[in-house]
Amino acid sequence: MPRLADRLRRGIETVAAIVFAAMFAAFILQVFTRYVLNDPTAWTQEATLVCYLWVVFWCAAFMLRERDQITFDMLVTISPRRVQRVLAAVSALLVAVAFAVALPGTIDWIRFMKFEKTPVMGLRYDWLYSIFIVFCVAVVVRAGLRARELLSSRWERTLDEPPSSLPE
Amino acid sequence: MSVPFILLLAGFFGLAALGMPIAYAMFVSSIAYLVLTGRDVGLFSEQILNNLVDSFVLLAVPLFILAANLMNAGGVSERLLLFCQAIVGRFRGGLAHVSVVANIIFAGMSGSAIADAAAVGKLLTEMMVKTGRYPPGFAAAVSAAAATIGPIIPPSIPMVLYALVSGASIGYLFLGGIVPGFMMGASLMLAIAWVAHRRDFPRDEAVPLRDIPRATLRAFPPLMLPVILLFGIYGGAATPTEAASIAALYALFLAGAVYRALTLKDVIDLFAQSARSTAVVALLIAGAFVLNYIVASENIPQVISGWLQTVNVSPIVFLLLVNGLLLLLGCLFDATTLLLVMVPLFLPACRALGIDLIHFGVVIVINIMIGLLTPPYGVLLFVMNGLTGIPLRDIIREVWLFIGILLLALLVMIFVPDTVLWLPRLLGYQGT
């Protein structure tokens, strides 16, 4: 079902673009109300931070591929392919396990944050931070799937997955 | 230093060496540390989220990324190149000089060396190779070396990160980078002039003087971007973050309305791409927040500064030692990791020794940018190799000269703090 996957990816990217644009717009609005109208709005600063947090963990959860991230791959690239496969599988497994271990504590702490609200817009912090739970779950699932693929017969495709393409 | 902490360090370096993304290596080793010491694992999310929300200055990073992406996509680089060619193309080794000048100008709009290498470096390397008179390795080495100026002349993403960990003023850091940025450009051009003379590199056909006004006029709109940024910040009108948003808006206006180089689909792609780059940097920052919390709770910076006081080093020896260490680490690690993880370790010692944090910051950022050129792990070398296909071996052979001359410039800046601090002081900086 390659078409569905493509459309899903496009949708995820569009959401990221929209949230990023919203962050940018809130910023411009803040500068405008402060320097042109001389009557700064207080909510824009909070809005930019909310958008920032959400765009970062949204992208990290669903858009970033292994190769997009900053990696110290000097030792890995000079080792034989089969060693690369084992290292990649071990590293994916460790990521999945560590995030799974951290998940209960993370959920507890974020649920506890429901007693606090942002000063201006009055957003509940547990809602604001919930994207981090989404991120943690996505990391566990994606790293787990990656490990499974690396241990299966399709391992070469997973190992050679290129970074996300840059727009020309 | 507890046993779990040593395990944390070993885990972090070990996992990174396995090829795990560095941000995840920080997450995984920190989680392991919290579990081993029996602390609440919720600290992991608490440190990341509360610190991210408190760091308003970080918002400058996505805006600088966006402005640079918009300028690249909008065909601005080509216009600037023609302008630079009109000015310095007439000298021997003309295109190499053009590369340096174009990077200085581009540095005034983008805050990242890699963005500059992708924008200016690729184009110029190809132009130089096409003439057949410059060795490809030399062409790529010049472009890589000139790209290091990008984050020294403001705006600068590495300096924003340094401001985040040190609490130093971004405005003064940015000002402090201007003179050193031009010094780096001048030393590179000296090196180029020497090589060009020895190897008999070509001159470009001199652009007639009467054509220069037209080239300037065509390049004028993008040339205004650094002016907007600097006046916004130092006219006292805007914070660096706000100036960054104005710069990004101006870039969007230029690329979209003036040059009409963007469709709606391009804009969506550009925003998504900027979001992606923002997330890559933010994950590293998030990892560093947890790691640095643990490092601080183990009192490591105090241990280092206490040790330095017992061995009684002078400030200048300390600066030289830190710079030497960071250069060595720069051969192995990327800039963001060094800035966020290593540099905080030295800051208490800096304060104890009375070293100015603006001077220290600018020198350290330049040092770390030179680290982007040093093999085996030199990100700029990889970028040029990836963009142009010129073999790494050839680039590395030619880049040593430029590393050498940049290190000389760095030494001057270390021994003469006024090279960094003169301009900030002129505009009201009160520090030592």
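Chain A is built from 6 helices and 0 strands (helices are DSSP runs of H or I with at least four residues, strands are E runs with at least two, and numbering starts at the N terminus). Along the sequence, the pattern reads α-α-α-α-α-α. This is a predicted model, so local features need pLDDT of at least 70 and side-chain atom pairs count only at pLDDT 80 or more, while totals for chains, interfaces and linings use all residues. Residues are numbered from 1 along each chain as its sequence is written, chains are lettered from A in the order in which they are written, and side-chain values use heavy atoms, with hydrogens and water left out.

As for overall dimensions, chain A has a radius of gyration of 20 Å, whereas a compact globule of 168 residues would have one near 15 Å (the radius is taken over C-alpha atoms, and the globule rule is 2.2 Å times the number of residues to the power 0.38). Its C-alpha atoms fill a box of roughly 65 × 45 × 35 Å along the principal axes. Of the 168 residues in chain A, 42% count as buried (buried means under 20% relative accessible area, exposed over 50%, and partly exposed in between, with a 1.4 Å probe and protein chains only).

Chain B has 20 helices and 0 strands. Its radius of gyration is 22 Å, close to the 22 Å that the globule rule gives for 432 residues, so chain B is as compact as a globular protein of that length. The C-alpha trace of chain B spans about 70 × 50 × 45 Å along its principal axes, and 61% of the 432 residues count as buried. When contacts in chain B between residues at least 6 apart are considered, 79% join residues at least 24 apart.

Now for the meeting of the two chains. In total, 60 residues of chain B are in contact with 59 residues of chain A. Together the chains bury about 5,600 Å², 77% of it on carbon and sulfur atoms (buried area is the accessible area, with a 1.4 Å probe, that two parts lose on being put together, summed over both). Across this interface there are 2 salt bridges (a side-chain nitrogen of Lys or Arg within 4 Å of a carboxyl oxygen of Asp or Glu). In one salt bridge, B:Arg276 pairs with A:Glu13, with the closest N and O atoms 2.9 Å apart. On the side of chain B that touches chain A, several helices give two or more residues, including H1 (3–17), H2 (22–36) and H13 (264–297) of chain B. H13(B) gives the most, with 15 residues. Sorted by class, that side of chain B has 43 nonpolar, 11 polar and 6 charged residues (Ala, Val, Leu, Ile, Met, Phe, Trp, Tyr, Cys and Pro count as nonpolar, Asp, Glu, Lys and Arg as charged, and the others, Gly among them, as polar). A network of salt bridges links A:Arg10, A:Glu13, B:Lys265, B:Asp269 and B:Arg276.

Over all chains, the salt-bridge count comes to 15. Within chain A, A:Arg9 and A:Asp6 meet in one of them (3.5 Å, N to O). These two residues are separated by about one helical turn, because A:Arg9 and A:Asp6 are 3 residues apart in helix H1 (residues 2–36) of chain A. Another salt bridge joins A:Arg65 and A:Glu161, with the closest N and O atoms 3.9 Å apart. That pair links distant parts of the chain, 96 residues apart: A:Arg65 is in the loop between H2 (43–62) and H3 (74–78) of chain A, and A:Glu161 is in the segment after H6 (155–159) of chain A. A:Arg124 and A:Asp126 also form a salt bridge, at 2.7 Å between the closest N and O atoms; A:Arg124 is partly exposed at 32%, but A:Asp126 is buried at 13%.

Most residues other than glycine have a negative phi, and most peptide bonds are trans. A cis peptide bond, however, joins B:Pro154 and B:Pro155, with omega about 0 degrees. B:Asp200 has a positive phi near 55 degrees, and B:Asn299 has one near 60 degrees.

Note on methods:
Contact = heavy atoms within 4.5 Å.
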